[in-house]
Amino acid sequence: MKQTCVIYWFRRDLRLDDNPALCLAMAKAHDLGVGVLPVVVKRRDTVDSLYGEIERNTHAQAWADDAEGALAASLRERGSDLWRCESIDALRALMRSTQASHLYAEHIELPYEREAQGSLSRDATWQTHFIWQSGLFDQDLLPFSLNALPKVFTAFREKIEKASLRSIAPLPEPESLVPTPLFAENSVIARVTDSSAFKPSTPGSIAHGRRSGEQAARQHWQAYLDRGLPHRYFETRNQLSGPDFSSQLSLDLAWGTLSVRRAAQMLDAFEASDGRTKSSYWLWFEWMWREHFRWISHAYGRQIFAARGLSESAPKPTATVNDWQRWTGGTTGHAFIDAGMHELATTGFLSNRMRQIVASYWLNDLGGDWRAGAAWFESQLIDDDAYSNTGNWLYIAGLGTDPRGGRRFDPDKQAKTHDPQGHYRRLWA
Ligand SMILES: Cc1cc2nc3c(=O)[nH]c(=O)nc-3n(C[C@H](O)[C@H](O)[C@H](O)COP(=O)(O)OP(=O)(O)OC[C@H]3O[C@@H](n4cnc5c(N)ncnc54)[C@H](O)[C@@H]3O)c2cc1C
């Protein structure tokens, strides 16, 4: 019989727990009596912007490398392994050389990622399976068709709540992993090493002292629940800095080291034992924003990356190259904005409030193009998630889902409210 294998491509689902696509790959390999070869594909280390290519922030790179290293270690402990392909072409070459019959991976509903999925699916010598699993719900659970997806968040959330939807139940990790097939090492792949060389992020950064990876993500979320912090979240969520003002779960959700469905199940268990409050509900409420932006991407496709976003037209940006350099470099001369841009570049993170404030400054005070601002965030944020990033930028620009047509955050007023003593400005000046 011809020797073949199944390939599992880990994308933004760097975990074994609650990974339906991985379970399907294992089951298929079991049925066929062949091995499963787990791979990742190297990320681009730059982001394209209207002002040229931007290098990714080193903290974001380190966090993702750490997540992959931890995954490789987990796979090895279970008799499997993890390999890295340099590019999609290298993945294709690997599939040819291993005579792979099936490729499984999570489905990503974004143009560049869909192109990659499409190009791999065109080859008739294997079958591809891309499974949607990065949100709380599957499409067939939604109480409306995608054509009728409410564009406004509140209407979306209310329909979900009226249908009593909370989350799909998470799956346990596969009971046993099918071992990797034996094959000759070749130039298109390299074994992913563990992440012992990982350097913790800058002091003051939200990621400081934290490790990435599945186990660390689960421990982080469990500790947040054990300390009863969901009951404080509503009061603290708009703060700018500090260890516990928000859940910091975006770092794990963005790389899929914790599935949002598992996180929801753990929050449910917390509420069952410690009670549900407005504050603990609000965490789920925030996940609904994440969910809404995901379905917006399904419903509108490439349009979410257009200059006009979901609107009929967009005002012509007026920012100059000099404005771009001042904003990205944190030298606008506005101390509050510059502190935010320094924090972002230095740590790879910003609170939600500060993201809104510096984004609004780029759009409303400097007259910038939202796509350039979003590209800067994409290059800098550890928790870069294209659905949430694009959705939030369009929202503030008034080109997306905001029923009020966009928001200006007055930086002086915001500084007075959120940094009355100037601590934040001094910290990141
Ligand atoms: C301009 C702009 C760009 C953004 N880019 C990203 C991004 O690339 N990746 C990303 O994960 N979030 C993004 N956000 C949303 C939000 O700022 C972060 O999710 C949040 O600050 C992460 O910190 P946390 O996990 O402690 O959040 P918490 O306040 O603890 O919230 C819990 C979770 O809810 C979700 N969430 C909260 N607020 C939002 C929101 N406004 N939109 C979507 N999901 C939300 C996140 O998954 C978050 O982890 C952006 C917001 C703005 C204004």
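A word on what you have open: residues are numbered from 1 along each chain as its sequence is written. The model is predicted, so local features need pLDDT of at least 70 and side-chain atom pairs count only at pLDDT 80 or more, while totals for chains, interfaces and linings use all residues.

Stay with α2: 14 of its 20 residues are buried, so the helix is largely enclosed by the rest of the structure. Buried here is 20 or more other C-beta atoms within 10 Å of a residue's own, exposed 12 or fewer, partly exposed in between, with C-beta atoms placed from the backbone. Just after α2, click G79, which has a positive phi of about 80 degrees.

Next, color the open sheet of 6 strands, ordered β7-β6-β1-β2-β5-β8 with mixed pairing (two strands pair if DSSP finds at least two bridges between them). At the edges are β7 (127–131) and β8 (189–191), each with a single partner strand, so one side of each has no neighbour in the sheet. Inspect β2 (residues 35–41) beside β5 (residues 83–85): the two run parallel, joined by 3 bridges. V41 stands opposite C85 in β5.

Finally, show the ligand. Of the 28 residues around it, S246, S247, S250, E286 and N392 come nearest (near is a backbone-placed C-beta atom within 6 Å). Helix α10 gives the most to this shell, with 6 residues.

How values were computed: Helix = DSSP H or I, 4+ residues; strand = E, 2+ residues; numbered from the N terminus.
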